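Keep the sequence and the 3D view open as you read.

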Amino acid sequence: MPTSGGAVTPESDLLNGRERRQLDIVRRWGTIGALLLTVGSLGGGAAPIYSPLYGVPVLGLFSRMPSVAMGVVWTGIFMIVSAWLALGRFVRPGRPRLVSRSQMDRTLLMWTVPLVFCVPMFSRDVYSYLAQSEIAARGLDPYVLGPANALGVDHILTRGVPNIWRETPAPYGPLFLAFGRVTAMITGDHVVSGVFVHRLLVLCGLAMIVWALPRLAARFGVPPVGALWLGALNPLVLFHIVIGVHNDGLALGLMLVGLELAMRGLEPLRWSWITLGAATIVCGAMVKIPALAALGFLGVMVARKLGGQLKHLALVAGVMAAIAGVGIVAICLGTGFGFGWMETLNVASTVKSWMSPPTALGFLGAGTGIMLGLGNHTESMIALTRLLGQGIYVVITVGLLWRSFKGRIKAMNGLGAALGAILVLGPVLQPWYVLWAAIPLATAVVGPKFRMFAMVTSAVIAVILPPTGSAFDGRAYTVPQAVAGAVITFAICVLIARKRVGPFLKSDPV
């Protein structure tokens, strides 16, 4: 069970003079990386189809040098990831001296502020958001009409949407589309301002994550600065939430804030706080549905507080179901979008990517069948393996709920593991989906094996995904050239700074 209260208290002594100097180097190293990402995005990012940068002196030059621009971007990626890894040394659980909360907050600001002005990278999803928001602003139903049908194929917002999504309806919750509708009313067809306003919305989600993470971590006995390091400062957050403008950040922020608010009502038991927290979680689910899983694990914590018997579990399950039902109906009717989102939840499954284990297994099975002369049954095999994946993650989630109810694992650990299973075994898997598991687990797990696994996984995913947001059709040489140039540039930077960077490669002094 979580500890009482939620105050963030210091867990260790402050860093000594030598360590503060090292921290300053880490901060500057990461800040330089963020600035390089911002500059390189002018030519390497997923710019609008009609980019205002073309023809602008100096700034427009980057778009005519894609290999150079991408090399600058990848150098920035390497610098941020290496700085994040070095920073992890100062937040390791059990260390006698940790960075302070104020030092962590300043580091987050130094690395995040330059990225606010980046051209979107890693994905073009934000352009889908803009088109779907404009459909909603026109009074049309984004759960029925795709951008091409509602706006026309030649509309400036439709042109920015990837081809595969131009005729598909919106797969997001009505609350997110309600936010988007307001954005469209403010920015209209202006793509750049629309992207910026959507980024501000995502940054609100990041602010909620930063507010809730240390408080939840303190409840579960995890150093708050360690939770912020793995959660808010994670390169995947910086790259895919801040730069990529994915609405997962808003959904995660609402989910975590809801959990923190609800836990304020556990000791002593106060249903007003629990209801408020549960309602906030429902709001997160009305942005992206996976957030709804948090209601189950919140219910488990409340049931244990009531006495931990099956009757208490049944009672709380009924209460949570009622809160979810009322909240969903209120949001669906209040926004005017109705319940069409229930029919579009599987829109993303039209993409058949090898990154999803069930889909990859389906491809493997279909390929084996073709080799054996049994015919091409790819669609059937993928449908079967995806169905099996969904069945498995349901079993895993139920098992984790039961173990949490019995007190064998922390509820937040169960939530993180369940979200990881739901998304990994789902029909589609994107790199930023890792955050749905990593951020809740950052609040409750202190084990060195998990920390190492999460650190390595985040770092590897952060550097292997091309930040282009496009395929560079006809220019396959661009990415290899950019990576090679970035590796050389990064190595030179390390060699120049080796006298100061060197201490990070050594173990902590006793």
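Patches are made of residues with over 30% relative accessible area and no salt bridge, where like charges are joined within 9 Å and nonpolar side chains (Val, Leu, Ile, Met, Phe, Trp, Tyr) within 5 Å. This is a predicted model, in which local features need pLDDT of at least 70, side-chain atom pairs count only at pLDDT 80 or more, and totals for chains, interfaces and linings use all residues. Residues are numbered from 1 along each chain as its sequence is written, and side-chain values use heavy atoms, with hydrogens and water left out.

Q: Which residues form a nonpolar patch on the surface, and with what accessible area together?
A: The patch is formed by L109, V113, F117, F196 and L200, with about 480 Å² of accessible area together. Such areas come from the Shrake-Rupley method with a 1.4 Å probe, and for residues only the protein chains shown count as cover.

Q: Why does F117 count as exposed?
A: Exposed means over 50% relative accessible area, buried under 20%, and partly exposed in between (1.4 Å probe, protein chains only). F117 has 56% relative accessibility, so F117 counts as exposed.

Q: Why does S100 count as buried?
A: Its relative accessibility is 16%, and therefore S100 counts as buried. S100 is in contact (heavy atoms within 4.5 Å) with L14 and V225, leaving aside its neighbours within four places in sequence.

Q: What makes R97 and E19 a salt bridge?
A: A salt bridge needs a side-chain nitrogen of Lys or Arg within 4 Å of a carboxyl oxygen of Asp or Glu. In the pair of R97 and E19, the closest N and O atoms are 2.8 Å apart. This pair links distant parts of the chain, 78 residues apart. E19 counts as buried because its relative accessibility is 2%.

Q: How many salt bridges does a search of the whole structure find?
A: The search finds seven salt bridges. One of them joins R264 and E260, with the closest N and O atoms 3.0 Å apart. R264 counts as partly exposed because its relative accessibility is 28%, whereas E260, at 1%, counts as buried.

Q: What makes helix α11 mostly covered?
A: In α11, 16 of its 16 residues are buried. Helices (H or I, at least four residues) are DSSP runs, numbered from the N terminus, and α11 is made up of residues 248–263.

Technical notes: Helix = DSSP H or I, 4+ residues; strand = E, 2+ residues; numbered from the N terminus. Expected span 1.5 Å × (residues − 1).
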